[in-house]
Every structure is written in C-alpha cells, then in structure tokens.
Amino acid sequence: MENMLIIKPSGVQDTKLEVAPVPFNFERSVLSGGAMEPSVMKALVNLCFSEMFPPPKSNALFDWKDIMPHHLITYVSMYNTLNQSMNTSATSKGRPILPVQDSRLVERVSVSGMLSPKDIERNFVRPAMNTPSV
Amino acid sequence: MSNVQNYALVWFVFLSRGIQNGEIKIDKKNPKVLLLSSSLSGIFLCGRETSGEPFLGVPDTIMPFFTEVDWVEASICRELGYLFLEARDPKTQLLHMALGIKIRTSRLNVFCIKGKENVDDMRLNMKVFEQSKEDLKNVSFSDEHELMGIMLKEVESTIELGSEMDAEYARTVLKKSGLDTSYTTVKIGF
C-alpha cells in the first residue's frame, strides 16, 4: 500500500493518498434489483454473452437459450453466499481470493432447490420507499 | 475464458442491473461497448507502483467474477474520458465486450503520461483491494496482481475498439432486441 500512488477515477479527493472509492454493495446493487428486463437480457446475450461465455461441452450449469430470471437469481445468490463464506476479508488478511466452483452451486441447488419468482420477490426485491406524509 | 459458468451469470446480472438502473449505458456507435457511469466507475481505484507500472484497483466485492473474463487489451480514450477494458477472443482478437470506466481526462495520465510516455511501452495490471466499512478511506491492497501485463493503447472513439463491420452487426442485434433507447447513449458526445 505504501508503495503505491492511488487515485480515484472520478469525484473529489483531498490528497492523492487519501481516497475513498465508492463502496460497492453486491447484494444491494446486483441481487436486489427487482424484475429483470427481458429486452436487456436478450440484447446482452446476443451482443456478447453467447460468444463470450459459450456453454461447456459437458456439465453445463445453464444454457443461454433457456435461462430464466429466477434461475439467474438463484445461482447468483448462491454464488454470493459461497463467495462470502470463502473470501470475506481475504485481502486484508493476506489470503488469495478463492474461486467459486459450479459444482458447489449444483450441490446447493440440489439441496435447497431453485428459488421461485415469489421467493425472489420476498427475499431480494427492495421495498418501495414510503413517501412521508405531512 | 473461464470454464466456470457461475461467473458468466454473475457478470450477466451485474450488467443487466447496471443497464436497467442507468449506471451502465450501451454505446450507440458500437453496442459492444458498455459505458459505466461516474458513480459506478468510482468503485475502482487507479494508480502506479513505485516501479512505475500502472494498475487498476478492483474492489473485492466484485471478485472473483470480474477477472474471469479474457481482458486482452485496454484502451485510453482521452477524448471521451474513459479507460476501456477489452474482452476479446484470445485467438481471433475479435471484440466480445468493452467496459468503459469513466476517468477524468487528466487522470488518464496515471496509465500513460501524454507526451512523455509511449503507450506501446505501458502495461496495465489489476490489483484487488478491500475497503473498510468503518473508514471508507481505509483500503487494503493485495500484494499480488490479479491480472498483469494487459496491453495498453490509445483510441479516439469507441469505433476503434472493433471493426466497423462488427459494430454494424452489433447495431443490428441491438435494434432487433427491442431495447428501449433510454438504455443507450445519446448521439451527442459519442
């Protein structure tokens, strides 16, 4: 850390050595976003994902052609749970970040099952902000 | 590219959410280019080591999926104020996706000082950092590079990141997807 000069890409900084990156909360920004927009999903698959992540020849976790939003959220929430259990504080403790294996996700899905759209709504969708009354 | 498919899903949801909530825009000229907003770009750090090598600091909250993409090259675009990370087919060099991190034009000098350094001699590394929840200015960096030696170049527009034919095809794909134009960049400035 003392061997580096670090700079935040945008925003205000007091000195070049005192920077505060914007915190990124995976659960809030990725998991709790409500319904997935089908046109965005379709555009991303066709623009780059089918080429960038082609399905493996065996033991595929999913296929881009028939992936459903609730499958996506199930796998991503399981990824997050496993990742947190393995990698929380890894960097500050000097440990390498460990990979999350597909086989672990398959194991978890076989035990706890896929989340239904209703489960996702219950667990991950942010409640609407209450407008305070006067 | 990684054979681990869960990273593909995490990337997919990360980008879909970003596009839906307006933190990521699809470039109209070259829709394979995704432009991060200033606030989303603010989750990264950039800097130099004492050896002079530039690095991009990646928060541990987007690891390990973030580096499980073939980041083959990176481009500095001083005109638009972006660092583009380019995911390409390692064999054909065909652009799969470019991720534009918004960085002030003057700060892009951290990757290559304009007029003083030759961009062809520069290589970009990626390092992971962890941010303290109690003191946001307290960041710990990993000693090791997560990725290293990514080739750097300079571009003047997003079209230069791929071929015109490729961009044309991507525009057709985007049009057919029925995506609302609010998810794309406006023509002015791009």
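Tutor: Let us begin with contact, which means heavy atoms within 4.5 Å. Leaving aside neighbours within four places in sequence, A:Val45 is in contact with A:Ser50, A:Trp64 and B:Phe12. This is a predicted model, in which local features need pLDDT of at least 70 and side-chain atom pairs count only at pLDDT 80 or more, while totals for chains, interfaces and linings use all residues, and side-chain values use heavy atoms, with hydrogens and water left out. Residues are numbered from 1 along each chain as its sequence is written, and chains are lettered from A and ligands numbered from 1 in the order in which they are written.

Student: Where does A:Val45 sit, and what makes A:Val45 count as buried?

Tutor: A:Val45 lies in helix H2 of chain A, where helices (H or I, at least four residues) and strands (E, at least two) are DSSP runs numbered from the N terminus. Buried means under 20% relative accessible area, exposed over 50%, and partly exposed in between (1.4 Å probe, protein chains only). The relative accessibility of A:Val45 is 14%, so A:Val45 counts as buried. As for A:Trp64, its C-alpha atom is separated from that of A:Val45 by 7.0 Å, although the two residues are 19 apart along the chain.

Student: How is chain A as a whole described in these terms?

Tutor: Its secondary structure comes to five helices and one strand, which follow the pattern β-α-α-α-α-α when read along the sequence. Of the 134 residues of chain A, 41% count as buried. Among contacts in chain A between residues at least 6 apart in sequence, 55% join residues at least 24 apart.

Student: What is the buried area between chain A and chain B, and why is an area used to describe an interface?

Tutor: The size of an interface is often given as the accessible area lost when the parts come together. Buried area is accordingly the accessible area (1.4 Å probe) that two parts lose on being put together, summed over both. For chain A and chain B this is about 6000 Å², with 66% of it on carbon and sulfur atoms, and the contact takes 68 residues from chain A and 71 residues from chain B.

Student: How do you know that B:Lys32 and A:Glu51 form a salt bridge?

Tutor: A salt bridge is a side-chain nitrogen of Lys or Arg within 4 Å of a carboxyl oxygen of Asp or Glu. The N to O distance between the side chains of B:Lys32 and A:Glu51 is 3.1 Å, so the pair meets the definition. Between chain A and chain B the count is one salt bridge. On the side of chain A that touches chain B, strand S1 (4-7), helix H1 (26-31), helix H2 (38-52), helix H3 (69-87) and helix H4 (102-112) each supply at least two residues, and the largest share, 13 residues, comes from H2(A).

Student: What makes B:Arg48 buried but B:Glu117 partly exposed?

Tutor: B:Arg48 has a relative accessible area of 13% and is therefore buried, whereas B:Glu117, at 27%, counts as partly exposed. These two residues form a salt bridge, their closest N and O atoms being 2.7 Å apart. The pair links distant parts of the chain, 69 residues apart, with B:Arg48 in strand S3 (residues 45-49) and B:Glu117 in the loop between strand S7 (95-102) and S8 of chain B.

Student: Which residues are joined into one network, and how?

Tutor: B:Glu73 pairs with B:Arg88 in a salt bridge at 3.1 Å, N to O. B:Arg88 lies in strand S6 (residues 82-88) and B:Glu73 in strand S5 (residues 71-77) of chain B, so the pair ties together parts 15 residues apart in sequence. B:Arg88 is buried at 7% relative accessible area, and B:Glu73 is buried at 15%. B:Glu73 also meets B:Lys153 in a salt bridge at 3.5 Å, N to O, and this pair links strand S5 to strand S9 (residues 139-154) of chain B, 80 residues apart. Salt bridges that share partners join B:Glu73, B:Glu86, B:Arg88 and B:Lys153 into one network.
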